[in-house]
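Hi,

Here is the structure I promised to pass on to you.

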Amino acid sequence: MEQQTIKHVATVRILLLGDAGVGKSRLTDLLARSEDTPTPSTRSVGDVWWNVQVRLHEYPSNMLIGIPPTPDWTSSSSPSTSTHSSAPDQFPPPNTCKMIPYFVEFYDLKSSLRLPREHRNRLYRHIDGIILVYDLLDMRTHDNLHDWLYQPLRQICRYRHKRLRPILKRRHVPILVVGTKLDLLNSRRLSGTGKIATQLGTDEILLNCLDLNSFNEKSRNEMKLRKFLNNVVDFKQYFPIRRS
Ligand SMILES: Nc1nc2c(ncn2[C@@H]2O[C@H](COP(=O)(O)OP(=O)(O)OP(=O)(O)O)[C@@H](O)[C@H]2O)c(=O)[nH]1
Ligand SMILES: [Mg+2]
């Protein structure tokens, strides 16, 4: 990892959305957990409205100085926090890839609180990624994800893109869909899963949030998570917060 002082490590922010009881808090515990931060208190950041847990993510630097991930991404605007140069014509050779550390903050709303709109909108301005969470035992929680997503997506689009609409036709904020309680599913029937993920063109992970091995290194889940976090960093770089 590139040597950087804590002061120079940028932060990306991820919002967890989903019905009460689907497993958002347990999933946050799992996502933020590391050897250095084994308990929630060692990785939690205090906030009145949100449970915020933080982890480090290592971003491969050749992705930043290479060509943007898709042709419709603009690289002309570069965020003030970025220390990276803009795109050269070719990817650098693989051995020039350095890992750049980023803090990742997961924002999980405290369930007992009803969040005032101004607090919500203030946070949405800084959100670089969304994780949609549903319960595999109750597919209504999957269908409700459309409702959970609509307002945050609209607000993030407003703060990060020049135009409000159409949201999904543009390169929107990265989204990951997670179905929980896989361990309690006693049939192999997974009908209905994957619908919203397909509509959004995103990855989906099905897991048991209570299993500490769910994101083992080099597992499919871990690879999907890594790809999502890389996209989140890209989004922060290519769509910095606009001054309104
Ligand atoms: N067996 C099993 N239990 C789970 C799983 N995920 C969550 N749970 C349990 O489901 C319950 C609710 O999980 P939470 O993480 O508190 O749900 P939440 O989405 O944060 O709920 P709110 O904070 O009320 O919105 C807890 O008892 C968890 O232990 C899972 O994958 N498998
Ligand atoms: Mg919770």
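Let me start in the sheet: strand 6 pairs with strand 7 (residues 204–206) in the parallel sense, over three bridges. Within that pairing, Gly 179 is opposite Leu 206 of strand 7. Please keep in mind that this is a predicted model.

Strand 6 has another partner in strand 5 (residues 129–135), which runs parallel to it and is joined to it by six bridges. Here Asp 135 stands opposite Thr 180 of strand 6.

How many residues of strand 6 are buried? Six of the six in residues 175–180 are, so the strand is largely enclosed by the rest of the structure. In a regular strand, side chains alternate between the two faces of the sheet. In strand 6, Ile 175, Val 177 and Gly 179 point one way, while Leu 176, Val 178 and Thr 180 point the other way, and all are buried.

On to the packing. The largest nonpolar core has 27 residues, and Leu 15, Ile 130 and Leu 132 have the most contacts inside it. Among the elements that give two or more residues to this core are strand 1 (11–17), strand 3 (50–60), strand 5, strand 6 and helix 8. Helix 6 supplies the largest share, five residues.

Helix 6 itself (residues 145–160) has 16 residues and reaches 22 Å from its first C-alpha to its last, close to the 22 Å expected. Its buried residues include Leu 145, Leu 149, Pro 152, Leu 153 and Ile 156, along with Gln 155 and Arg 160.

Leu 212 still touches Leu 30 and Arg 33, not counting residues up to four places away in sequence. Leu 212 and Leu 30 are 182 residues apart in sequence, yet their C-alpha atoms are 6.7 Å apart in space.

Happy browsing, and best wishes

Key. Residues are numbered from 1 along each chain as its sequence is written. Chains are lettered from A and ligands numbered from 1 in the order in which they are written. This is a predicted model: local features need pLDDT of at least 70, side-chain atom pairs count only at pLDDT 80 or more; totals for chains, interfaces and linings use all residues. Side-chain values use heavy atoms; hydrogens and water are left out. Helices (H or I, at least four residues) and strands (E, at least two) are DSSP runs, numbered from the N terminus. The expected span of a helix is 1.5 Å times one less than its number of residues. Buried means under 20% relative accessible area, exposed over 50%, partly exposed in between (1.4 Å probe, protein chains only). Two strands pair if DSSP finds at least two bridges between them. Contact means heavy atoms within 4.5 Å. A nonpolar core is a set of buried Ala, Val, Leu, Ile, Met, Phe, Trp, Tyr and Cys residues joined through side-chain atoms within 4.5 Å.
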